[in-house]
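Welcome, and please have the viewer open as you read.

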Amino acid sequence: MGVPYIPVRGLAGTDVFKRRDDMIIATNPFDPTEETVVALAQNPNVAILHAQKADRDGNALLRKHGEDVMVAQASHRVIVTAEEIVDKVTADDEGGQFISAINVTAVVHAPGGAHPAGVPGYYEQDADHIREYMRAASDEALFRQYLAKYVIGKTEEEYQAMVRQGSRVESHAAGGGA
Amino acid sequence: MTSAVACNTEELLAVLMSREIRDWEISACGAVSMIPAAALLLAEATHAPNADIIILGSEQLDRNLGKDIHFLSQRGKLDLFFHSAIQFDAEGNFNLHVVGDPNAPELRLPGGYGSGLMSYTAKRILFFRTEHTTRTFVPKVDFVSGAMVTPPSIKRPQDNFKIFTTMAVLVFDRGTNSYRLESVHEGFTPQQVQERTGFSLGSLEGIPMTPPPTEEELRTLRTEVKERMIETGTYPQWARTILQPA
């Protein structure tokens, strides 16, 4: 949208304002009897969005439900990671939400890139891994162990090899390195 | 009076809340809302065949609305929305964020959006809780995720707020800014409800009994609604295990 802030109805009287400085209550400039929340625009430097399919120009098919296109349009740079790179993605393609290449800065082929979440038509979410992450995230020391096991110094291929079990159904899971 | 058929907590709440859903209106529930989903489908199968029903999180019944539901509610066009909370307090505040010290919480909950936005904009809010205890109904919530009382400058053309629990139906009156008992479920007294509530519910005299689920309501819930939940991908596992055999 490109607006610097936006009025929103709600939130009055909550403790949210004690913890955030990007939302305030302000008087409606056209109606002094009304107040609403005014929220500062969120403009990420970079958005990374995972697609089912993308083409080399940056057209892509994102998850159907969600605000990915809005996130892309709010961000300065947009990286689309995709399960598959195909010749052409168009707005007529079914199974996802189309994002035009004009909103996309770069495309990366990243099969399995949504893990531990799932991608409709490719693989289910990995509930065991999400539980492992949640246990780790509840404790500083456990989280360091999680990072050491899966993230720090690991390549994408090593990560995918470690988590490749049970629920993965797509071809890349059966093959060798990406 | 006795109810003809025994039922579990989820079935009780689904039946009681389904009665609040009105024909021709737009009623919705958010994600991970199994009891409201059952209530919506029960209403549609019984007294509200023309209701517009939105079940976020259902494979087939979420209507692909995405952010439309947000703007529908912001425009004041959403008639009814379901909401739960981990704590409610005497002043009409509710908490679906954290339990304990907000800086080092014992429990974190995903409550920011529905509490802070939907519950200010949908015309009627049905709160529900699968227990009725003094840990839920507290003198003061640990974190205010949403407030039922706001200054007149916050435009909120909403009805009184209702809370459905395992023991009673509470009403937060937007005129007096206080709670009262609307009805008490079969098997409980108003005094028992007050004992399990950490603030005053006002007068305990002349409180009617909640009409218990009828045989017909439970039968429909356990057959038509259960089948529809399973075939539309609306919490099918929950429907199979929680909704009892007819």
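## Where the chains meet

Contact here means heavy atoms within 4.5 Å. On that basis, 21 residues of chain B are in contact with 18 residues of chain A. This is a predicted model, in which local features need pLDDT of at least 70 and side-chain atom pairs count only at pLDDT 80 or more, while totals for chains, interfaces and linings use all residues. Residues are numbered from 1 along each chain as its sequence is written, chains are lettered from A and ligands numbered from 1 in the order in which they are written, and side-chain values use heavy atoms, with hydrogens and water left out.

Buried area is the accessible area (1.4 Å probe) that two parts lose on being put together, summed over both. Chain B and chain A bury about 1700 Å² between them, with 54% of it on carbon and sulfur atoms.

A salt bridge is a side-chain nitrogen of Lys or Arg within 4 Å of a carboxyl oxygen of Asp or Glu. Over all chains, the count comes to 23 salt bridges. One pair crosses between chains, from Lys155(B) in the loop between E10 and strand E11 (161-164) of chain B to Asp31(A) in strand E3 (residues 31-40) of chain A. The N to O distance in this salt bridge is 3.7 Å, and the count between chain B and chain A is 1 salt bridge.

A polar contact is a pair of N or O atoms within 3.5 Å; within protein, one must be able to donate a hydrogen and the other to accept it, and residues adjacent in sequence count only if both atoms are side-chain atoms. Across the interface, 7 residue pairs are in polar contact, both residues at pLDDT 80 or more.

Which elements give two or more residues to the side of chain B that touches chain A? They are helix H4 (112-121) and strand E10 (146-147) of chain B, where helices (H or I, at least four residues) and strands (E, at least two) are DSSP runs numbered from the N terminus. H4(B) gives the most, with 4 residues.

## Helix packing in chain B

Axes are lines fitted to C-alpha atoms, for helices over the stretch in contact, and angles run from 0 to 180 degrees between N-to-C directions. The axes of H2 (residues 34-45) and H6 (residues 215-231) of chain B come within 9 Å and cross at roughly 110 degrees. H2(B) and H6(B) are therefore roughly perpendicular to each other (angles under 35 degrees count as roughly parallel, over 145 as roughly antiparallel, 65 to 115 as roughly perpendicular and the rest as oblique).

Among the residues that meet here are Leu41(B) and Leu42(B) in H2(B), and Leu221(B) and Val225(B) in H6(B).

## Helix packing in chain A

The axes of H3(A) and helix H4 (residues 140-150) of chain A come within 7 Å and cross at roughly 135 degrees. That makes H3(A) oblique to H4(A). The contact includes Tyr133(A) of H3(A) and Phe143(A) of H4(A).

## Backbone details

The peptide bond from His115(A) to Pro116(A) is cis, with omega near 10 degrees. Pro116(A) lies in the loop between strand E8 (106-109) and helix H3 (127-137) of chain A.

In chain B, Asn177(B) is not a glycine, yet has a positive phi of about 55 degrees. Look for Asn177(B) in the loop between strand E12 (168-173) and strand E13 (178-184) of chain B.
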